Amino acid sequence: MSDLHFKKGYDDKLESLTNTIGKADLLLLSGDLTHFGKERELDTVLSILSGVSPNIYAVPGNCDTKAIAESLKKRGISLEGSAAIAGECLINGLGGVPQWRKVDYGFTEEELLQTLNQGADAATALLNERPGGYIRILLTHVPPYGSKADRAMFMKHVGSKAVAEHIQQSQYDLCVCGHIHECVGVSMFNEVPLINCGPARRGYYVVINIDLDANDQLNISLQSKRDGSRFWG
Ligand SMILES: [Fe+2]
């Protein structure tokens with residue numbers, strides 16, 4: 001899920017969406033959990049979403065404040081510049097966006113690249129500790145520049161060049177992002193499936209199924225879904 005932009009008073013809407021989603025082994029949140037919210041909004045979001053899965057990992061979006069980003073780290077669920085193993089998945093991530101408006105949680109492309117590399121290094125360290133054939137996932141808020149997931153108003157590309165460069169130089173099995181609400185869906189970028197989850201505040205989410213097929217080959221299926229509910233916007 002991405003772009004909840006949760007505000008006080010939308011508890012029932014979020015609960016209704018989580019009831020539609022049902023249960024998952026793992027829940028990844030691609031940022032904008034709150035709309036410049038406070039700790040108490042984050043508390044509410046995470047408490048409601050724990051109904052979907054006890055295993056939640058997140059990165060902060062541009063509309064999450066620095067305090068929210070810090071809080072995600074303190075709770076041990078942030079993948080901003082870090083990594084985690086969850087079941088068959090090895091995930092590392094990036095928060096924020098390239099500097100945009102003053103109010104946003106934003107960084108220079110150089111800083112974004114640095115954080116991406118920090119996350120990838122953390123993933124390598126985990127892999128050395130617990131070797132295995134994991135499904136490698138990159139979780140970011142901002143999509144890669146020049147992709148099908150980063151066109152604001154379906155026109156101008158507004159993604160991150162650092163994210164694009166990082167994906168081109170790495171070997172991910174899946175890239176999960178959000179941020180550009182109108183570019184919801186699954187596309188390919190540099191031969192890697194790229195998921196823009198779409199705005200959960202308008203009922204969007206993506207289901208990722210990972211199975212072994214009859215020939216013991218790994219089979220990943222992706223479904224972009226939408227519930228009828230809207231929080232706002
Ligand atoms: Fe957003």
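This is a predicted model: local features need pLDDT of at least 70, side-chain atom pairs count only at pLDDT 80 or more; totals for chains, interfaces and linings use all residues.

Modeller: Six names make up the buried set of α4: Leu112, Thr115, Leu116, Gly119, Ala120 and Ala123. Viewed down the helix axis, these buried residues fall within an arc of 135°, so they line one face of α4. The spacing follows a general rule: an α-helix has 3.6 residues a turn, so residues three or four places apart point the same way. On the other side of α4, the exposed residues are Glu110, Ala125, Asn128 and Glu129.

The buried residues of α4 pack against four strands, namely β3 (83-86), β4 (89-94), β5 (97-98) and β6 (106-107). They also pack against another helix, α5 (161-168).

As for the setting, the protein chain holds 5 helices and 14 strands. Its radius of gyration is 16 Å, close to the 17 Å given by the globule rule for 233 residues, so the chain is as compact as a globular protein of that length. Along the principal axes, the C-alpha atoms fill a box of roughly 45 × 40 × 35 Å. Of the 233 residues in the protein chain, 45% are buried. Of the contacts between residues at least 6 apart in sequence, 67% join residues at least 24 apart.

Notes. Residues are numbered from 1 along each chain as its sequence is written. A residue is buried if 20 or more other C-beta atoms lie within 10 Å of its own, exposed if 12 or fewer, and partly exposed in between; C-beta atoms are placed from the backbone. Helices (H or I, at least four residues) and strands (E, at least two) are DSSP runs, numbered from the N terminus. The arc is that of the directions from the helix axis to the C-beta atoms. Two residues are in contact if their C-beta atoms, placed from the backbone, lie within 7 Å. The radius of gyration is taken over C-alpha atoms; the globule rule is 2.2 Å times the number of residues to the power 0.38.
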